[in-house]
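Please find below my notes on the model, arranged as numbered points for discussion.

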Amino acid sequence: MPHLPLASFRPPLWGLRPSRGLPRSHPISTQSEPNGSAISQRNREAKQKRLRQKQAALEAGIAQSKSPAESSKAWTPKEIVLYEIPTEHGEKKDVSRPLPPAYSPQYVEAAWYPWWVREGFFKPEYQARLPQATRETFSMCIPPPNVTGSLHIGHALTVAIQDALVRWHRMRGDQVLWVPGSDHAGIATQAVVEKQLWKERGVRRHELSREDFLREVWKWKEEKGGEICEQLRVLGASLDWDRECFTMDAGSSVAVTEAFVRLYKAGLLYRSRQLVNWSCALRSAISDIEVESRPLPGCTELQLPDSPTPVSFGLLFSVAFPVDGEPDAEVVVGTTRPETLPGDVAVAVHPDDSRYTHLHGRQLRHPLTGQLLPLITDCAVQPHLGTGAVKVTPAHSPADAELGARHGLSPLSVIAEDGTMTSLCGDWLQGLHRFVAREKILSALRERSLFRGFQDHPMVLPICSRSGDVVEYLPKSQWFVCCREMGDRAAKAVESGALELSPSFHQKNWQHWFSHTGDWCVSRQLWWGHQIPAYLVVEERTQRVPAILRPPENMKAQWRFTPVRPRCPGYLVLLGSFPLFCPGLAPRGETPDLARFYPLSLLETGGDLLLFWVGRMVMLGTQLTGQLPFSKVLLHSMVRDRQGRKMSKSLGNVLDPRDIINGVELQVLQEKLRDGNLDPAELVIAASAQRKDFPHGIPECGTDALRFALCSHGALGGDLHLSVSEVLSFRHFCNKIWNALRFILNALGEKFIPQPAEELSPASPMDAWILSCLAHTARDCERGFLTRELTLVTHALHHFWLHNLCDVYLEAVKPVLLHLPRPPGPLQVLFSCADIGLRLLAPLMPFLAEELWQRLPPRPGGAPAPSICVAPYPSALSLEHWHQPELERHFSRVQEAVQALRALRATYQLTKARPRVLLQSSEPGEQGLFEAFLEPLGTLGHCGAVGLLPPAAAAPSGWAQASLSDTVQVYMELQGLVDPQTHLPRLAARRHKLQKQLDGLIARTPSEGEAETQRQQRLSSLQLELSKLDKAASHLRHLMDVSPSPGEL
């Protein structure tokens, strides 16, 4: 009887070079795949070839796992199959044609997403009509990416985790709302448009009116701002697009105004002149999250925007302040910022520093102006740092501002908004760039003999992440939110358990941050953003009256209104924190969505956003609505490359998810770098890193493989080190699922009618075992989704599909299906494995699951779900009657026997022979354990007849033997199958090569860490292999001396 066609489950060997030219599309055949002995013969020949390749690799000493760096380079493009059946956008994909012979992501992912959206599967209103509908809701919002950019692999991790959770809740029957949105990115967007205006028209922003400039920004947004949405669709994100939010749309504007007014009336929002983070390049205040703290080990040169030459940082300059009235006395202070010397108003020392006790109460001469400055004492000064004396510049240092306030010192602002020196510095410095002024100040100090040298000084430099400029601390009139009261509530929410942070180790950072947080500057000096809703009312022929809130349309017509800062119409940063997911926060009450889906069920985001985004959402959400915006926060790790480096454009390791999904050539990756905004030095480094990491480009992996790889790391633990080779391995996993379904569909035929799952009863121990594994998998998946440990889900699904179904059950059931008529039991089991297995897989691999599930015959009774994404998710309870843990434990012993038999076959190079096998156990109970699985044991072990040897019987003479345990022995027939005279020299040659490798490893100097662990593992592996070869040689020599008679058994 011919075997059913089953494509090889082992991934093909990837070559070292990609093929040139465009990949060919594979025509979709309408003919059924042929059966017959020819295919069986080809399968056998392919298996034998693989066995020979493995043996050759062992003899060559390379039978060990490759590192990710090596395997990432070993690939060749797969043949691409395209879906070319004419299908209108939004129409259902045609699944009437046979499946292509191999998995191709482009074929699988075509057409499904527009159909899902058009049918409304992602809308909570649709889900309320599902047969399995519950009365529960599940709501989340996507952390809004900047409209200026595109999603990188870190964003893809967020999308993969969130979409898996969303799809699972949807299949459970919950009414799910997942809100998409993007941030208008005030600073980044304004900078991009300004560059474009200058490049195309030679026009600066200030040469246009605010209205004209905003028209240009909106135009740019409409043309360029849709890339993120396209990426989300490619990733399969099941968002409700009808509820998409943009932080500059009308609903968000209303929410911003309402939030501003409420906070102001509650006394939590005020305008004050304070030190803020200031970007001279952007001419705007920036938030703490936009300040990059860059550590410098010592002297470091940086090229800064608007600076004519590189500037040195990481130096400590020593400057002498003469003591008034004592010509030879001086106090030397150390500073990393000599350009702020004109703003010094005092020198401070620690009150207990004995070096300066005699100078308490004295005055010093300013080294540049000669003005008298007080020497003050303050316990905040650290006497062990530098000289123990520090200059006090309250206008340009947060620490000095606090110190100056304690001592009643008036600040002098000597650096302007554009980074030039102010008139308070004198004519000789006024108008100079701050870092040009630094050199002039140092020269003046040298001329006056008051410069005492400099030295390397490790420091942390604040850099504006938007412009790359050094952040200045400038006193500015800005709007601030009082955070103490709201912060205390946020800290108590976590402490009481009302707000759950997962992983729990984030709680310590949460409590520390809220116990030290200051007031929050929420205004920016930009044109692209929400104008602060605060106005000065100027009545005709009268003086101004105090500021009022709310838009001016409601006021008297004779009044004239002007913003509080006419030249700086403010931009509020509240949008990224609260109103995005509460667009209904309006003066007249709640919207239906706000009442129904707020608070959110869960917030999932990266751990790096915990304090700046999540923390502020909690503060504002609780203040403005009276309840926490969510009760659970799930924080995933930061994605790093396989070398452990943070993703950075300057390193060339930032990956667009679409490049992994679709594949990309190295040339294209390099062109993307050149089209970016890297400076020439960074471009050289990034391009070199790309050539090293992706010498042949990136292979096409597909969306499902990328999602599964990302979710396999989950949300817990340390940083995520992702390599393309890892994603590629999950594409191979997709191919195995694909081939498994081709085999199952072929076996079922066109007239197959499925039984209801509750009526299915296994007809054999193998059927019972695979159904128990399926029930076990459903239980693990349910537990993983409930606890949001997606690593548990991915591991369970990978193990079931690959190791339980493909490697074991499908191989074991093939001989059974050769009988005609085919027994119905295994067919029903195959269908249930496919149906339930695909539904378990659907939240993680939605495209592959949909493509294959649509081709399964529907179960009788009731209308079938139109899509797998709204089909019921298999529950552990509904499959509990299949679960037999004891049977699974028993079969694990059978699998140990299979591995032992395969090892014996490899040792004796039995490529074609099917030797007889005997199992012997000294425990009577174990005999029955193996007896139920004798036929699949022979099939899986590639052996002939398998029998049981009585416990007291003598071991058969001349048979190879392997021990499974102290009580179980396996014997394999060798007589007549192996020629000792031929095989002994081969074994000797193999032993010589392995011994040579072992000697080389032993002679190698021991290392540390993971490398040494790998060396020890390799040593153990070689020693075990040598032991097996010695034992095999002993058996062969015994065969040459003893020739057992056929009747001995």
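**Notes on strands, helices and rings**

1. Strand β10 (residues 315-322) pairs with β11 in the antiparallel sense over six bridges, where pairing requires that DSSP find at least two bridges between two strands. Within this pair, P322 stands opposite E330 in β11. Strands (E, at least two residues) and helices (H or I, at least four residues) are DSSP runs, numbered from the N terminus.

2. This is a predicted model, in which local features need pLDDT of at least 70 and side-chain atom pairs count only at pLDDT 80 or more, whereas totals for chains, interfaces and linings use all residues. Residues are numbered from 1 along each chain as its sequence is written, and side-chain values use heavy atoms, with hydrogens and water left out.

3. The open sheet has three strands in the order β11-β10-β16, with antiparallel pairing. Because β11 (330-335) and β16 (451-456) stand at the edges with a single partner strand each, one side of each is left without a neighbour in the sheet. On average, neighbouring strands of this sheet are turned by 20° against each other, direction ignored.

4. The axes of helix α20 (residues 703-713) and helix α23 (residues 790-817) come within 6 Å and cross at roughly 125°; axes are lines fitted to C-alpha atoms, for helices over the stretch in contact, and angles run from 0 to 180 degrees between N-to-C directions. That makes α20 oblique to α23, given that angles under 35 degrees count as roughly parallel, over 145 as roughly antiparallel, 65 to 115 as roughly perpendicular and the rest as oblique. The contact (heavy atoms within 4.5 Å) is made by F708, C711, S712 and H713 of α20 and by L790, T791, T794, L797 and H798 of α23.

5. For helix α4 (residues 112-119) and helix α25 (residues 846-853), the axes come within 11 Å and cross at roughly 85°, which means that α4 is roughly perpendicular to α25. On the α4 side the contact is made by W112, Y113, W115 and W116, and on the α25 side by P846, F847, E850 and E851.

6. The structure holds 29 aromatic pairs, counted when ring centres of Phe, Tyr and Trp (its six-membered ring) lie within 6.5 Å, with planes under 30 degrees apart called stacked, over 60 edge-to-face and the rest tilted. The rings of W168 and F785 have centres 5.1 Å apart and planes at 10°, so this pair is stacked. The pair links distant parts of the chain, with W168 in helix α6 (residues 153-172) and F785 in helix α22 (residues 765-787), 617 residues apart.
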